[in-house]
Structure formats: structure tokens, C-alpha cells
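Morning, everyone. I have one structure to walk through today.

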Amino acid sequence: MKEKKHNFCAGPSTLPQEVFEQLSKAVINYNDTGLSILETSHRSDSFLEILHKTQDLVKDLLQISDDYSVLFLHGGASLEFLLVPYNLMKIGGTGAYLDTGRWSSKAIHEANILGNAKIVASSKDKNYNYIPTNYHVPTDADYFHCTTNNTIYGTQINEFPDIEIPLVADMSSDIFSRQMDFNKFDLIYAGAQKNVGTAGCALVVVKNSILGKTDRKIPTLLDYQKHIDNGSLSNTPTVFAIYTAYLNLTWLKNKGGIQGIEVENNRKASFLYEEIDRNPFFEGTARTEDRSKMNVTFNLKNTDKENLFQELCDDAGISGIVGHRSAGGYRASIYNAMPFESIEILVDTLRKFEKKLN
Ligand SMILES: *Cc1c(COP(=O)(O)O)cnc(C)c1O
């Protein structure tokens, strides 16, 4: 068998090795119940215990108050693009959006199906390589939506506006990676396959008081309030994905929670950016002050040498480093579970490339 690769894929992304091992055991026999986790009933005590512990871990790690509900829903982050306007936008109402990339644009597209998405600012003019500032959020909008980390373009928002209307954030690619006042947000959602667990599931953290304000009729499975009333069990939930989130968030808690992992994330990102800035053959693509600590995007200055770089990456066991098809270049996704040693291997590969060409 080949050795485990260094997986820089943007998602589904790598998880801690110990989580992979715990999961593989649970697939055969969950916690000595004599049942695989895959055949465990979502109404069983064993699963309900997992669900409630995972919801508690989310609240504990994010340090959010009891005014919030924690849900695990089907459809990934992309279905939340629709659920947000469904639940928050009044009929004929408006959602205000910050357009910082492809995922924001997709959220805007869904909002326009139900009503009006008003773009307050966009960084499309420079292929989304920066975060707009000095924009105005209309006070009469039903909510303001932003994407905290732009997975494809490698930018991250550091400052959020103080507004009276609900603040909604797609945190798919940076939730649990850095400390923030999460109570500032009224609705947070994240596809689970980056920093939470595995694909097919979205984590939704919603402040109860913002719901019930729209006059719209909401289909059952799209209705946050019904999901809350049903304890996130309106239908069979993504049992395996939720169990994965439980293991992964327990791992995070044992690492000192968000405070602990943030120190490591800062160290990993600076080590890689320093090399990209030093190495004459590469250049970073995002504006320096907006650089993401989760998705590091860079280009090869001389694209004729792509094959050589790819070869060196393959030899080093580096996988998933090619940029998104809409951005090109390279992207190293370095989420919570990415070990520092893998960053060292990547930096070493950039240096080897430089030596070969000198
Ligand atoms: C990956 C990603 C999504 C899409 O997630 P799905 O679960 O595939 O729907 C949405 N937003 C952001 C910021 C992402 O990184």
C-alpha cells in the first residue's frame, strides 16, 4: 500500500488521522453495540447521544449563548443559499450581499429566485483577489450575507459591519479555525466537508429570535423553525456525517479548541506564505492584507514549468494542489486537520523547484 498522501484538497478535505481510525472502527462495530454506525437508527439512544453531544460541542467551541439552535441539515452549504432567503426574506423583500467570489455569487443567484439580492460591494473587477471595504449595508434589507473565507480565491474577511439587521455568514471554509465573536452573527452555516466533518451535511447555527418574521410559506424541509422543533430530526439525518463531526470536534476540543488551533493555523499559513513571497518562481494571488489562512492561492510565474512542479509534487506525495477551475494556478487548502509536517513538505517542494531551475 502507498503511504498516506498530503491532501491539500479544498474539500472534502483531510481529517485527523485518529478520526479516520475511529471512523473505520465504527463502520464495523459502533461502540460495542454490535451495529455499524451506518445501520444505527437515528431514533436510537446511541445516535441521539451523538447528536446532542455534537450540538453541545458546537455551542461550547463557538462560545455561543443559549439563544442559538444548532442544526445538521442535508444538502451541504449550497442548499443554505436557498434556505437563507426562504426563512429570512419577506415577500418582495431584499437581502443585502457582499460579493467576494463564486460561492457568494451562487448565494446571490438563489436569493434572486425568491426576491431581490442587493449587492452592496463586489471584488469581481479583480477576479476576487481582495475583500471590498467601505460599503454601506441598507438598513431596510431583511438581512446581510457574507462569505467569511473565499475558498477559491484565497481571501478572508477580518472585519464585519456593525448592523441592526441580521448578519448571516457562510463560514464553510473557516469555521472553527479562528477566534471571533460568533454571537455577533445571527445565522452561520457551513458545509461540513472542510472544517467540520464529511460531505452531505451542513452545520447551521441560528439565533432563534430572527425566525418567524417572513410571511412566506416554507416547505417543511426548508424551514429552520420546523427543524428546530423536530430537534434536527425532521427526516433521517446524515448519521455518519454527524458522527464524523462529533469525532472531529472532540479532537479539536482536546487541542485547546479554537484558541489552540488558531495558533497552529497562523504558524502554518505564515510558514507557507513566507516561502511563496521569498521564492522568485512563485507569487501569491490574493491581496496581502486579505490573505486566507485556510486556502493559500499562488501562481507559478513561468507556466511553462507546470509539468516539472507537478512532478515534484507527485514525488512528495502532495495531492489536491491544483487551483479551482475558475481561478487557475495553485491552491493549498490547509484546514485545521492539516499537520504542520505536510506544510513543511510543500515548502520543501517549492524550494526543490527553485533549485532545479537555478
Ligand atoms: C465548499 C463551499 C461551499 C459549497 O459547499 P457544498 O457543501 O458543496 O454545497 C459553499 N461555500 C463555501 C464558502 C465553500 O467553501
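I will take the ligand site, then the aromatic pairs, then charges over rings. One caution before the details: this is a predicted model.

Start at the ligand. How many residues surround the ligand? The count is 13, and the closest are S78, T151, D170, Q193 and K194. By class, the shell divides into three nonpolar, eight polar and two charged residues. Which helix gives the most to that shell? Helix α3, residues 76–88, with four residues.

Now the polar distances at the ligand. T151 places a polar side-chain atom 2.4 Å from a ligand oxygen. For K194, a side-chain N or O atom is 2.7 Å from an oxygen atom of the ligand. A77 takes part through its backbone: a polar backbone atom there is 3.0 Å from a ligand oxygen. As for cover, the ligand on its own has 390 Å² of accessible area, and the protein covers 88% of that.

Next, the aromatics. Two quantities describe a pair of aromatic rings: the distance of the centres and the angle of the planes. Searching the whole structure gives 16 aromatic pairs. I picked two.

Pair one is Y243 with Y246. Their ring centres are 6.3 Å apart and their planes are at 25°, so this pair is stacked. The cut-off that matters here is under 30 degrees for stacked.

Pair two is F309 with Y330. Here the centres are 4.9 Å apart and the planes are at 85°, so the pair is edge-to-face. This pair links distant parts of the chain. F309 belongs to helix α8, residues 306–315, and Y330 to strand β14, residues 330–333. The two are 21 residues apart. Both F309 and Y330 are buried.

That second pair also belongs to a wider group. Ring pairs link F281, F282, F298, F309, Y330 and F353 into a cluster.

Last topic, charges over rings. I have two cases. R267 has its charged end over the ring of F340, 3.8 Å from the ring centre. K126 lies over the face of Y130, and there the distance to the ring centre is 5.7 Å.

To recap the site: 13 residues surround the ligand, and the protein covers 88% of its accessible area. Over to you for discussion.

Notes
Residues are numbered from 1 along each chain as its sequence is written. This is a predicted model: local features need pLDDT of at least 70, side-chain atom pairs count only at pLDDT 80 or more; totals for chains, interfaces and linings use all residues. Side-chain values use heavy atoms; hydrogens and water are left out. A residue is near a molecule or strand if one of its heavy atoms lies within 4 Å of it. A polar contact is a pair of N or O atoms within 3.5 Å; within protein, one must be able to donate a hydrogen and the other to accept it, and residues adjacent in sequence count only if both atoms are side-chain atoms. Accessible areas come from the Shrake-Rupley method with a 1.4 Å probe; for residues, only the protein chains shown count as cover. Ala, Val, Leu, Ile, Met, Phe, Trp, Tyr, Cys and Pro count as nonpolar, Asp, Glu, Lys and Arg as charged, and the others, Gly among them, as polar. Rings of Phe, Tyr and Trp (its six-membered ring) pair if their centres lie within 6.5 Å; planes under 30 degrees apart count as stacked, over 60 as edge-to-face and the rest as tilted. Buried means under 20% relative accessible area, exposed over 50%, partly exposed in between (1.4 Å probe, protein chains only). A charge sits over a ring if NZ of Lys or CZ of Arg is within 6 Å of the ring centre and within 35 degrees of the ring normal.
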